[in-house]
Protein chains: 2
Amino acid sequence: MKYLSILGSTGSIGRNTLSIVKMFPERFAVSALAAKENVALLAEQIGQFSPEIAVVFDEQRAAELKKRLPATSHVEILYGEEGYETAAIQGDMVVTAVSGAAGLLPTLAAIDAGKDIALANKETLVMAGEIVMKRAAEKGIKILPVDSEHSAIFQCLAGQRKEDMDKILLTASGGPFLNRPKQEFADIKPEDALRHPTWQMGKKITIDSATLMNKGLEVIEAKWLFNVSQDRIEVVVHPQSIIHSMVAYKDGSVIAQLGIPDMKGAIAYALSWPERLPLKQPVPDFANMTGLTFQKPDTNKFPCLALAFKACEQGGTLPAVLNAANEVAVYAFLNHRISFPDIPAMIEKVMERHTVIRNPSLSDILEADRLAREAVETHLT
Amino acid sequence: MKYLSILGSTGSIGRNTLSIVKMFPERFAVSALAAKENVALLAEQIGQFSPEIAVVFDEQRAAELKKRLPATSHVEILYGEEGYETAAIQGDMVVTAVSGAAGLLPTLAAIDAGKDIALANKETLVMAGEIVMKRAAEKGIKILPVDSEHSAIFQCLAGQRKEDMDKILLTASGGPFLNRPKQEFADIKPEDALRHPTWQMGKKITIDSATLMNKGLEVIEAKWLFNVSQDRIEVVVHPQSIIHSMVAYKDGSVIAQLGIPDMKGAIAYALSWPERLPLKQPVPDFANMTGLTFQKPDTNKFPCLALAFKACEQGGTLPAVLNAANEVAVYAFLNHRISFPDIPAMIEKVMERHTVIRNPSLSDILEADRLAREAVETHLT
């Protein structure tokens, strides 16, 4: 039995993780569930999976949660930073599925406690990849990717010698504006972006998919997860999202991982690796496909991708700045405060004014994150 | 240094193998070269690679070869069945690249001598898969596939647990007549078939590609190489031949191996496994592809594929009969003695009249092979 602590249990990754737990009750059980504000769903999940610990954002939500649970419930209810870090040291494996910078500290706590990590939170590696991977290596724990692209790369590297790798081919759907002319980008409304063609995801990541920042963050993540420099990571636009990513080897051979666009496969692989679970997911229906196509990403149309490569190359605190500035800019766009093209423009401005700190400490990173958020906010007002 | 004995050194696989030896002289050397009749090329290869043994088909060619070599040459020249079997027990690894049923006995001799096999000869496994795999297991030797499809499957299985496999997706270019209406098949001339779109191969295998018998033989081969029943092998037509084959797992994940259509990759992988060689082969140029398409094979148009599945399912001596009848029918077609649709018709007739021997001995198989050839010849006259 593998005991899971799920940070972000009410989000899309969290819910899918629990659906896998439900499919394989003889393999998985839940030690802790942590959410932010969706108290109603969390209460339901507690009823179904009986964790020992449940965590919410603040005292008020903790009280709300308590009210929703039957008096007979034995779950210990915690809240706030301390609560998340307590949840992060439960069970055998921690699923980090919270979104945003909030994922970093609990993930580090989990690593320090010697837990294996199923990592769905991009920011953990984007902000502090060097620190996180170093601590993971010291503790001898495994970080298993949950993102479908990184899971694909991980699967394509299985059974291969690291030194035989040539480059990573990270596929991207291209987002909903792949074929829209750049001059129309100023007219893009949040609603347009939120209709993402293939994946059902949260709002922040959906906008990141539309700007290709999501792919940029994945490049940075891949650099740390697989220990390769950014010049050996190539983004390939593949609108059908059937190939989830590829790895090219030095003999010209390319290994690809394919599947229908459903995040359960990648989550389950992280939970059960090196085994695979009989998920009853259909294999892609090749005979009835219209075809798999590919193109180069257009960084002129999607400057966020180029900014991410730049941050990746310069390293230090710059990826944290990129990420923080992006997060604030995306929410400003979602709240109709800035236009779609303003997102990369603001990030670029903040990146330009940032003095990069090399080999940053965790507090350097958190400070750079804070200052970048402030800087965008200043531009907004 | 790995010493190679190359059976069929003047054919396309043999020549490509030698080009890899030439690229990596610090890794590979040649112990023996065996050809059939191309004495001129063999003499050249002997001059370049200095094997200890060279083998040709008969005494007359052996004399011709001797004449072509400088008097100072130390190579031992052998001929005939005994010669091939002597070549097959040289070096560290035997590359079986002869075409047709002639590959079986030398391969068995190599296995019995404890040599690893790089297997490009389909007939070895089609005729006697059970015997060959059993002896290989007893001797603890490895059989590494050289066919691009089987190499792809082998690469897609690396690092995976066998029990997690769902099915093999064997890709097929579909051959030159994929889109030709069936009613025009009677008009197909050997010359039409010999213009195969993507691969440069010998005549026999080119016709087999046009009838899809090549794919059928590969199904039988895959069954033995990877120990799966034929109902877990699915043929997927993929005209661009960029995906060389795929393996689907029980979690819905599919691992694919891709590359430009060039046989060097698969040969090199067999020679250097588990390492990969820096072949300087370009990775497929995804951004400039028109797209990868797939379709179901049409066994009504290409009955050879259905016949091969049938032989695979019934087993015993039937695959050997299928293979022998096909070989004679293909040469009859190449010699303008029968039409293109006559190929499957003749094979079917011979298969129907054959009484299958279960768990056949090697001599049962060779006898079934001989009788099937005779039967086709009888129909021809």
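Biologist: Which residue is the bridge partner of Ala172(B) in β9(B)?
Modeller: That would be Val237(B). Keep in mind that this is a predicted model.

Biologist: Thanks! And in which sense do β8 of chain B and β9(B) pair, parallel or antiparallel?
Modeller: Parallel, over five bridges, with β8 covering residues 165-172 of chain B.

Biologist: What packs on the sheet there, touching β8 and β9 of chain B?
Modeller: Helix α10 of chain B, residues 213-226, whose direction makes about 150 degrees with that of β8(B).

Biologist: Zooming out, what is the strand order in the open sheet?
Modeller: The sheet has eight strands with mixed pairing, and the order is β9(A)-β8(A)-β10(A)-β11(A)-β11(B)-β10(B)-β8(B)-β9(B).

Biologist: Which strands stand at the edges?
Modeller: β9 (233-237) of chain A and β9 (233-237) of chain B. Each has a single partner strand, so one side of each has no neighbour in the sheet.

Biologist: How many degrees does the twist average from one strand to the next?
Modeller: The average is 20 degrees.

Biologist: And helix α7 of chain B, what does that one lie across?
Modeller: α7 (residues 148-157) of chain B lies across strands from both chains: β11 (254-258) of chain A, plus β8, β10 (243-249) and β11 (254-258) of chain B. The helix runs at about 40 degrees to β10(B).

Biologist: Which residues in chain B lose the most area to chain A?
Modeller: Asp251(B), Arg276(B) and Phe286(B), which together make up 21% of what that side buries.

Biologist: Changing topic: at what angle do α1 and α2 of chain A pack?
Modeller: About 15 degrees, with the axes of α1 (residues 12-23) and α2 (residues 39-49) 12 Å apart. They are therefore roughly parallel to each other, and their crossing is left-handed.

Biologist: Which residues meet there?
Modeller: Arg15(A), Leu18(A), Val21(A) and Lys22(A) in α1(A) meet Leu41(A), Gln45(A), Gln48(A) and Phe49(A) in α2(A). By class, that contact has four nonpolar, two polar and two charged residues.

Biologist: Last pair: is the crossing of α13(B) and α15(B) left-handed or right-handed?
Modeller: Right-handed. The axes of α13 (residues 318-334) and α15 (residues 362-380) of chain B come within 8 Å and cross at roughly 35 degrees.

Biologist: And how do the residues of that contact of α13(B) with α15(B) divide by class?
Modeller: Twelve are nonpolar, none polar and four charged. Among them are Ala324(B) and Glu327(B) of α13(B), along with Ala372(B) and Arg373(B) of α15(B).

How values were computed. Residues numbered from 1 in each chain as written. Chains lettered and ligands numbered in written order. Predicted model: local features only at pLDDT ≥ 70, side-chain atom pairs only at ≥ 80, totals over all residues. Heavy atoms only, no water. Pairing = 2+ DSSP bridges. Helix = DSSP H or I, 4+ residues; strand = E, 2+ residues; numbered from the N terminus. Axes fitted to C-alpha atoms, helices over the stretch in contact; angles between N-to-C directions. Contact = heavy atoms within 4.5 Å. Parallel < 35°, antiparallel > 145°, perpendicular 65-115°, else oblique. Left-handed = near helix turned anticlockwise from the far one by under 90°. Nonpolar A, V, L, I, M, F, W, Y, C, P; charged D, E, K, R; others polar. Buried area = accessible area lost by both parts, 1.4 Å probe.
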